[in-house]
Amino acid sequence: MEMLGNRRLAITQQQAWEALNDPETLKKCIPGCDKFELTGENTYSVGLAVKIGPVSAKFSGKVMLSDIVAPDGYKLTFEGQGGVAGFAKGSSSVTLRPLADAAPAAPADAPADAPAAEGAEAAPAVAPAGCELDYTVQAQVGGKIAQLGQRLIDGAAKSTADDFFKRFEAEMQSRYGPPPAAAPENAEAPAEKTGAVAGFMKKIGLGKKSDKDAEPGAGGEAGGG
């Protein structure tokens, strides 16, 4: 079985890295997991209940981390035994990268200090910064589970991954708060545009004059036509 995926997380790369290296967080977020304990250097003992189609089993095994490059990612190798249900073993790689909270780049031929054109619309709001997680999984299964068919196994693996990230995102939100909302577009821009047009119309004598701009006696002259 092979699987790969990509997730955008509304937390910083460092926060994601710390969470993905915290046994308690992983235990809480991995579906069916009731044990995730550090037993040696970068080695963990894991226990989890698995259900694939009609087969249910309690797996026990270990996870070992290698190629660790904090906070960019690592590789993990896993193996587990589920009794008569079978076994599973394989490896996975996890990569994190930050997403910059940067404004859209200006055109290449525009000078850096060029003023914005009068009446130009405000730049679109930039999404809040976060990080992106890429993962790959290669696994082999044997026993009763292997007899279920690749389609059922792949479906269960995808469902497990989706469930993990739902729990992970909920856990991160409870720990760090909801992601900041993207800043709304400048609500005053339309009013400024209207004001600029009205000012131009006023200059050429087509705009409606305000009371303070009206000349004294203008009303009388108009009435005496």
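Biologist: In which sense do S2 and strand S3 (residues 43–52) pair, and over how many bridges?

Modeller: Two strands pair if DSSP finds at least two bridges between them. Strands are DSSP runs of E (at least two residues), helices are runs of H or I (at least four), and numbering starts at the N terminus. Here S2 and S3 pair in the antiparallel sense over six bridges. Lys35 stands opposite Gly47 in S3.

Biologist: What kind of model is this?

Modeller: It is a predicted model: local features need pLDDT of at least 70, side-chain atom pairs count only at pLDDT 80 or more, and totals for chains, interfaces and linings use all residues. Residues are numbered from 1 along each chain as its sequence is written, and side-chain values use heavy atoms, with hydrogens and water left out.

Biologist: How many strands form the open sheet, and in what order?

Modeller: Seven, in the order S1-S7-S6-S5-S4-S3-S2, with antiparallel pairing. Strand S1 (2–9) and strand S2 (33–40) are at the edges with a single partner strand each, so one side of each has no neighbour in the sheet. On average, neighbouring strands are turned by 25° against each other, direction ignored.

Biologist: Which strands does H1 touch where it packs on the sheet?

Modeller: Contact means heavy atoms within 4.5 Å. H1 touches S1, strand S4 (55–69), strand S5 (73–81), strand S6 (87–99) and strand S7 (130–142). H3 lies across S1, S3 and S7.

Biologist: At what angle do the axes of helix H1 and helix H3 cross?

Modeller: Two packed helices are described by the angle and the distance between their axes. Axes are lines fitted to C-alpha atoms, for helices over the stretch in contact; angles run from 0 to 180 degrees between N-to-C directions. H1 (residues 13–20) and H3 (residues 150–176) have axes that come within 12 Å and cross at roughly 115°. Residues that meet include Gln15 and Leu20 in H1, and Phe164 and Tyr176 in H3. By class, this contact has seven nonpolar, one polar and two charged residues. Nonpolar covers Ala, Val, Leu, Ile, Met, Phe, Trp, Tyr, Cys and Pro; charged covers Asp, Glu, Lys and Arg; the others, Gly among them, are polar.

Biologist: Where does pLDDT stay under 50?

Modeller: pLDDT is the predictor's confidence in each residue, from 0 to 100. Where pLDDT is low, the predicted coordinates should not be read in detail. The protein's mean is 81, and 67% of its residues reach 70 or more. Residues 182–194 stay under 50, with seven contacts beyond four places in sequence.
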